[in-house]
Amino acid sequence: MATADLEPRLRADARRNRDRLLEVARTAFAAGQMPTLEAIARDAGVGIGTFYRHFPTREALIEAVYRVERAELCARVEPLLAEHGPVTALRTWMNHYADFIATKRGMAEALKVIIAEDTLASARARENLNAAVGGLLTAGAQEGSLRGDVRPDDVVSTLVGIFLATDDHEQLGRMLDLLVDGLRAGAAAKHG
């Protein structure tokens with residue numbers, strides 16, 4: 001997703017600079033690196049002044065990367081539902097969400113500060129994730145493959161708990177499978 005959706009007032013050249021800065025930062029963060037702001041500017045082919053015009057602080061850059069990637073994660077719902085049934089789409093989306101969280105571990109401390117300082121952004125993030133999960137659950141309930149009595153925010157909270165509970169990829173997969181099994185239609189009757 002281009003940042004044009006997030007910053008529609010930027011001139012085309014400024015938007016390109018911002019997009020390059022975000023891409024360089026995303027690549028570095030995904031590799032577990034926290035490069036200097038000067039290195040990010042240099043690798044993006046812009047001066048440090050241009051960097052600071054777009055991102056006055058490291059936290060502003062991290063927040064922008066997080067927002068863009070979260071928007072991309074949430075936008076995956078419709079293509080997944082177009083390609084797969086709701087249960088497979090949900091489980092695949094959970095894998096994407098797990099990957100999204102895994103790449104944020106290096107930014108965890110900065111993200112905690114950002115989220116703590118900006119409750120509006122935190123609420124907006126939760127709304128976006130709830131809407132994505134809600135779309136998957138609704139599709140499954142309409143098809144009859146997923147329970148219709150589950151709140152999206154409960155699923156998102158459970159996912160966050162799972163992600164915090166383990167770094168072990170195999171265990172993570174098993175836990176996500178258990179969650180999906182509990183969301184399947186008929187699961188409430190079996191355990192109710």
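Visitor: What helices and strands does the chain have?

Guide: The chain has 11 helices and 0 strands. Both are DSSP runs, numbered from the N terminus: helices are H or I with at least four residues, strands are E with at least two. Read from the N terminus on, the elements are α-α-α-α-α-α-α-α-α-α-α. This is a predicted model, in which local features need pLDDT of at least 70 and side-chain atom pairs count only at pLDDT 80 or more, while totals for chains, interfaces and linings use all residues. Residues are numbered from 1 along each chain as its sequence is written, and side-chain values use heavy atoms, with hydrogens and water left out.

Visitor: Where in the chain is confidence lowest, and where highest?

Guide: The score to read is pLDDT, the predictor's confidence in each residue, from 0 to 100. Where pLDDT is low, the predicted coordinates should not be read in detail. Here the chain averages a pLDDT of 86, and 84% of the residues score at least 70. Confidence is lowest in helix H11 (residues 187–191), with a mean of 55, and highest in helix H5 (residues 77–83), at 98. Over residues 1–6, pLDDT stays under 50. For that stretch the model has 12 contacts beyond four places in sequence, a contact being heavy atoms within 4.5 Å.

Visitor: What span should helix H1 have, and what does the model give?

Guide: The expected span is 1.5 Å times one less than the number of residues. Helix H1 (residues 12–30) has 19 residues and should span 27 Å; its end C-alpha atoms are 26 Å apart, which agrees. Helix H6 (residues 86–102), with 17 residues, reaches 24 Å from first C-alpha to last, close to the 24 Å expected. Just after H1, Gly32 takes a positive phi of about 80 degrees.

Visitor: Which residues of H1 are buried, and what covers them?

Guide: An α-helix has 3.6 residues a turn, so residues three or four places apart point the same way. In H1 the buried residues include Ala14, Asn17, Arg18, Leu21, Leu22, Ala25 and Phe29. Their cover includes helix H2 (37–44), helix H3 (48–54) and helix H4 (58–75). In H6, the buried residues include Pro86, Leu90, Trp93, Met94 and Tyr97.

Visitor: At what angle do the axes of H1 and H4 cross?

Guide: Axes are lines fitted to C-alpha atoms, for helices over the stretch in contact, and angles run from 0 to 180 degrees between N-to-C directions. The axes of H1 and H4 come within 10 Å and cross at roughly 85 degrees. Angles under 35 degrees count as roughly parallel, over 145 as roughly antiparallel, 65 to 115 as roughly perpendicular and the rest as oblique. H1 and H4 are therefore roughly perpendicular to each other. On the H1 side the contact is made by Arg18, Leu22, Ala25, Arg26 and Phe29. The residues from H4 include Leu61, Ile62, Val65, Val68 and Glu72.

Visitor: Is Phe51 buried or exposed, and what does it touch?

Guide: Phe51, found in helix H3, has 0% relative accessibility and so counts as buried. Leaving out residues up to four places away in sequence, Phe51 touches Leu21, Leu37, Ile40, Ala41 and Leu61. The C-alpha atoms of Phe51 and Ala41 are separated by 5.9 Å, and these residues are 10 residues apart along the chain.

Visitor: Where do Ala139 and Ala71 lie?

Guide: Ala139 lies in helix H8 (residues 119–143) and touches Leu81 and Pro86, not counting residues up to four places away in sequence. Ala71 is in helix H4 and is partly exposed, with a relative accessible area of 23%. Ala71 and Ala125 are 54 residues apart in sequence and 8.9 Å apart in space, C-alpha to C-alpha.

Key
Buried < 20%, exposed > 50% of the residue type's maximum accessible area, 1.4 Å probe, protein only.
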